[in-house]
Amino acid sequence: MAKQVVQLDRVIIRFAGDSGDGMQLTGDRFTSETALMGNDLATLPDFPAEIRAPAGTLPGVSAFQLHFADHDIMTPGDSPNVLVAMNPAALKANLPELPRGSDLIVNTDEFTKRNLARVGYDENPLETGALDAYRVHAIPLTSMTVEALKNVDVTRKDAERAKNMFALGLLCWLYHRPTEGTIAFLKKKFASKPELLRANTIAFEAGWSFGETTEDFSVSYEIKPAPVRPGRYRNISGNLAMAYGLLAASWRSSLPLFLGSYPITPASDILHELSKHKRFGVRTFQAEDEIAGVGAALGAAFGGHLGVTTTSGPGLALKAETVGLAVSLELPLVICDIQRGGPSTGLPTKTEQSDLLQALYGRNGEAPVPVLAPRSPSDCFNAAVEAVRIAITYRTPVIVLSDGYLANGSEPWRLPDLDELPPIDPAFSTAVNHVAADGTEEFWPYLRDPQTLARAWAAPGTAGLEHRIGGLEKQDGSGDISYDPANHDLMVRTRQAKVDRITASIPPLEVDDPDGDADILVLGWGSTYGPIGAAVRRCRDAGLHVAQAHFRHLNPLPVNTEQVLKGYRKVLLPEMNLGQLALLLRGRFLVDVVSYTQVRGLPFKVAELASVIHEAATDE
Amino acid sequence: MNSPAPGFGLIDPLAGIPTVDEPLTAKDFKTDQEVRWCPGCGDYAVLAAVQSFLPELNIRRENIVFVSGIGCSSRFPYYMNTYGMHSIHGRAPAIATGLAISRPDLSVWVVTGDGDALSIGGNHLIHALRRNVNLKVLLFNNRIYGLTKGQYSPTSEQGKVTKSTPLGSLDVPFNPVSLALGAEASFVARTIDSDRKHLTGVLRAAAHHRGTALVEIYQNCNIFNDGAFELLKSPDTKDDAVIRLEDGEPIRFGTEGQHGVARMPDGTLRVVDAAEYGTKRLIVHDAQAPNPEVAFALSRLADPSTLRTTAIGVYRDVRRATYDDLLHEQIASAVDDQGIGDRPVLEDLIAGKDTWTVEA
Ligand SMILES: Cc1ncc(C[n+]2csc(CCOP(=O)(O)OP(=O)(O)O)c2C)c(N)n1
Ligand code: SF4
Ligand SMILES: [Mg+2]
């Protein structure tokens with residue numbers, strides 16, 4: 001008998017298991033199939049910092065959450081409708097977030113006395129009725145996988161390891177996902193290990209057939225594609241989008257890309273990715289530390305190339321002195337900080353927005369640096385291009401603040417038209433630009449463009465423009481060393497004015513207020529865009545009038561910032577730090593910004609934000 | 001232009017750097033900036049030597065870059081009419097590495113001090129040496145922090161009394177040559193500011209070495225550490241205190257060449273009486289020896305405190321593929337294998353393998 005098919009508008013699945021269970025891979029595969037179906041989606045990988053935390057323990061649980069829908073969604077979802085728990089630890093760690101009535105798929109093979117005791121279960125929750133509030137699908141995933149592979153020549157251990165593919169097959173059946181992509185993926189992954197390829201393929205297909213035949217699942221689900229702008233799409237994570245943005249900006253500016261970097265979670269993937277693209281003339285340099293990474297990038301910039309460095313919070317701290325040098329040298333440099341929980345080593349694999357003040361002010365002296373932040377995984381592409389545009393146009397270091405959530409999360413992305421990228425013109429000096437009192441023609445490296453205040457940039461190899469620059473204060477114009485008090489005052493103010501002038505090339509802060517009569521404004525910056533947007537939407541559905549505005553540029557701020565802030569009775573600013581942007585806006589504009597903060601290493605939950613907005617909007 | 005160099009089997013060490021049409025002179029390398037070292041500082045002599053030797057390389061002035069850190073010596077680039085960067089304390093090797101990797105058409109020189117290179121910047125120095133990036137590093141060793149007015153440095157002798165060590169310094173000094181050899185350096189030399197001919201010879205050898213060349217220059221700071229190298233400079237003592245390394249020659253020194261260096265039965269090197277020990281049994285200097293052991297042993301002959309029996313000259317000069325040449329080979333072969341990364345390739349890359357199209 002054909003099974004019933006139910007239409008759903010959205011689903012949130014969480015795959016959870018041991019670090020060694022391959023949950024990230026399972027999630028990635030399911031995401032790829034879902035993207036190809038044309039659903040809108042958002043993902044949240046959440047894994048421990050340890051490569052293999054002790055098996056079966058709570059700290060060792062690795063999870064991957066995917067939200068997909070037939071409409072436009074903004075977050076990976078607050079809590080799952082479906083939890084796949086590969087062991088008792090995964091169940092225990094995730095059950096508190098599972099709403100009653102949700103589907104719960106458990107791998108019963110792992111629910112042994114020993115494993116249960118390990119995470120503090122005295123009794124098996126599958127047998128005590130403790131899970132009666134859920135639709136439990138108790139399936140011996142491991143033994144069914146091993147049984148399916150009995151004719152394949154692999155070790156018992158390898159057979160057991162294929163259980164994630166069995167689970168993936170089952171879920172693909174349950175949600176009508178195509179299977180070709182995964183089969184092709186396995187072929188590539190196990191190209192040199194034919195038996196493992198067979199094992200994983202058979203396990204995947206066995207999971208699918210199990211769904212088809214078992215009585216446990218009486219229905220399967222269909223989620224229609226989301227209506228989106230016509231175009232060609234792919235799914236993309238933040239770090240990949242950042243790498244591609246840098247490549248695109250290199251192409252756009254015709255400057256070869258140089259990446260100097262030192263490995264650090266969650267930034268390393270950008271280094272890995274760009275290392276693959278030598279054919280574009282990309283030079284990647286794994287330095288001895290973060291200081292050398294940024295130093296080498298600055299050296300490349302001095303050589304007239306596009307110098308970039310990628311890091312996370314602790315690395316940004318180490319780079320501070322060199323970024324200050326770049327401010328003084330007035331050379332283009334892009335610093336991508338993929339923020340993580342701090343202070344110190346903090347939470348390497350978790351997200352936070354707590355480097356904002358470090359990025360803005362974490363240097364000696366008055367050292368203004370433009371700072372900008374992407375708002376979603378795919379937006380990392382645009383942010384990277386914009387950072388390069390500013391760096392090159394204004395001869396300045398620029399800091400991009402992404403974070404762990406954007407870096408590893410993914411979403412569908414409408415492929416960009418490279419012709420629509422902003423022009424990026426290095427405008428190198430090729431001739432002398434100054435005549436001395438005695439009539440000799442010379443090159444003044446600190447002669448400025450009157451509009452942008454950008455200085456003249458001559459790359460070595462240009463005859464007749466030989467010059468020396470350094471971190472000592474320079475005479476305006478000539479660039480010679482100067483200790484003159486009035487000149488220093490002028491140079492400090494000029495460097496600040498140059499950054500301020502970037503305002504002329506960035507769009508004003510856009511306010512989204514569909515009814516036009518909101519008296520509360522919800523502000524945000526960076527990766528909180530999704531949760532804030534979803535929460536605002538929810539409040540509007542409930543009849544509230546709420547305006548939303550989101551900063552891309554943190555320095556300089558858009559020209560209308562003050563005007564926007566002063567146009568509302570209340571301004572609410574959720575941040576994943578202790579109120580860093582709120583502090584800044586209060587100080588700059590004397591506006592009583594209400595800060596709502598959380599530093600749990602995870603993105604905001606929509607329901608929570610919605611209730612905070614609700615409260616703020618309705619209290620008098 | 002000299003022909004571009006492959007990573008191995010180099011013929012021209014200056015390959016890739018544009019050459020001059022008209023010969024340059026020392027004067028071409030002088031700037032209009034007033035030189036601000038203390039009168040009598042050893043840095044003047046090094047500056048003059050570099051300015052007068054560079055023209056013989058026949059490379060274009062605009063293709064030469066001097067990058068320095070912070071310290072008295074690091075003011076050097078301001079006085080060189082080439083491209084230059086006076087950077088931050090200790091980081092010049094890192095900055096120069098990025099520059100050299102990006103621009104194989106440049107001759108990149110690092111100027112650094114004993115504090116700059118061996119204290120705050122020690123990490124960058126050893127990694128530059130191990131990578132063998134095409135850089136020439138001039139390490140001005142005055143065994144003191146000059147610019148900060150006279151604290152002891154990582155090359156100061158133990159027990160050094162300075163402002164920060166009124167009862168004498170406690171730490172054992174680095175021997176920069178030993179350090180460089182331990183860091184896999186392909187070229188290591190030592191010379192002295194006051195010996196113009198020797199200094200120029202060593203600079204020439206360094207310039208003709210493709211890869212990282214470390215040149216330690218003993219430099220007198222007449223303000224805070226005057227006479228630090230007097231034993232090696234004074235006509236009364238120098239012949240017996242300095243071992244001049246000549247490639248392919250037996251190692252002999254002393255006013256009458258009465259001392260020599262020989263290998264002992266236990267494998268160590270010792271200073272011996274040449275006549276008594278037998279001149280045939282002295283070791284012959286071989287800067288190209290693949291194994292750095294003998295060079296290292298030679299560097300250990302110097303007394304860490306007094307510098308008595310210090311060897312000067314080129315300790316090591318071996319051919320090894322440079323990081324930048326190898327990287328450019330990787331780029332070239334990526335282009336050969338996959339084709340050049342132009343716009344359509346970029347668009348394909350960005351699109352990836354799994355795309356879907358939404359129709360209007
Ligand atoms: C980050 C940082 N720390 C400390 C200093 C102060 N400082 C400037 S030069 C110097 C030591 C220089 O000694 P050396 O490298 O031997 O150069 P010299 O002046 O002797 O030529 C120090 C400690 C600095 N400029 N920057
Ligand atoms: S303090 Fe010493 S090293 Fe510095 S300039 Fe004066 S003499 Fe030279
Ligand atoms: Mg010194």
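## Interface between chains A and B

In this predicted model, chain A and chain B bury about 5,500 Å² between them, and carbon and sulfur atoms give 61% of that area. On the side of chain A, Arg279(A), Glu288(A) and Arg468(A) lose the most area to chain B, and together they account for 15% of what that side buries. The contact involves 69 residues of chain A and 61 residues of chain B.

## Polar contacts and salt bridges

The rule finds 27 residue pairs in polar contact across the interface of chain A and chain B, both residues being at pLDDT 80 or more. Three salt bridges are also found across the interface of the two chains. In a salt bridge, the side chain of Asp419(A) meets that of Arg343(B), at 2.9 Å from N to O.

## Elements on the side of chain A

Elements of chain A that give two or more residues to the side touching chain B include the helices α1 (23-36), α10 (238-253), α12 (290-302) and α13 (313-329), and the strands β9 (231-237), β11 (283-286), β16 (410-414) and β19 (468-470). The largest share, seven residues, comes from α12(A). By class, this side of chain A has 37 nonpolar, 18 polar and 14 charged residues.

## Strand pairing between the chains

β19(A) is joined by three bridges to strand β2 (residues 83-86) of chain B, and the two strands run parallel. Within this pairing, Gly470(A) stands opposite His86(B) of β2(B).

The shell around ligand 2 has seven nonpolar residues, three polar and no charged. Among the residues around ligand 2 are Cys38(B), Cys41(B), Cys72(B) and Cys221(B), as well as Trp37(B), Asn142(B) and Phe224(B).

Notes:
Residues are numbered from 1 along each chain as its sequence is written. Chains are lettered from A and ligands numbered from 1 in the order in which they are written. This is a predicted model: local features need pLDDT of at least 70, side-chain atom pairs count only at pLDDT 80 or more; totals for chains, interfaces and linings use all residues. Side-chain values use heavy atoms; hydrogens and water are left out. A residue is near a molecule or strand if one of its heavy atoms lies within 4 Å of it. Ala, Val, Leu, Ile, Met, Phe, Trp, Tyr, Cys and Pro count as nonpolar, Asp, Glu, Lys and Arg as charged, and the others, Gly among them, as polar. Contact means heavy atoms within 4.5 Å. Buried area is the accessible area (1.4 Å probe) that two parts lose on being put together, summed over both. A salt bridge is a side-chain nitrogen of Lys or Arg within 4 Å of a carboxyl oxygen of Asp or Glu. A polar contact is a pair of N or O atoms within 3.5 Å; within protein, one must be able to donate a hydrogen and the other to accept it, and residues adjacent in sequence count only if both atoms are side-chain atoms. Helices (H or I, at least four residues) and strands (E, at least two) are DSSP runs, numbered from the N terminus. Two strands pair if DSSP finds at least two bridges between them.
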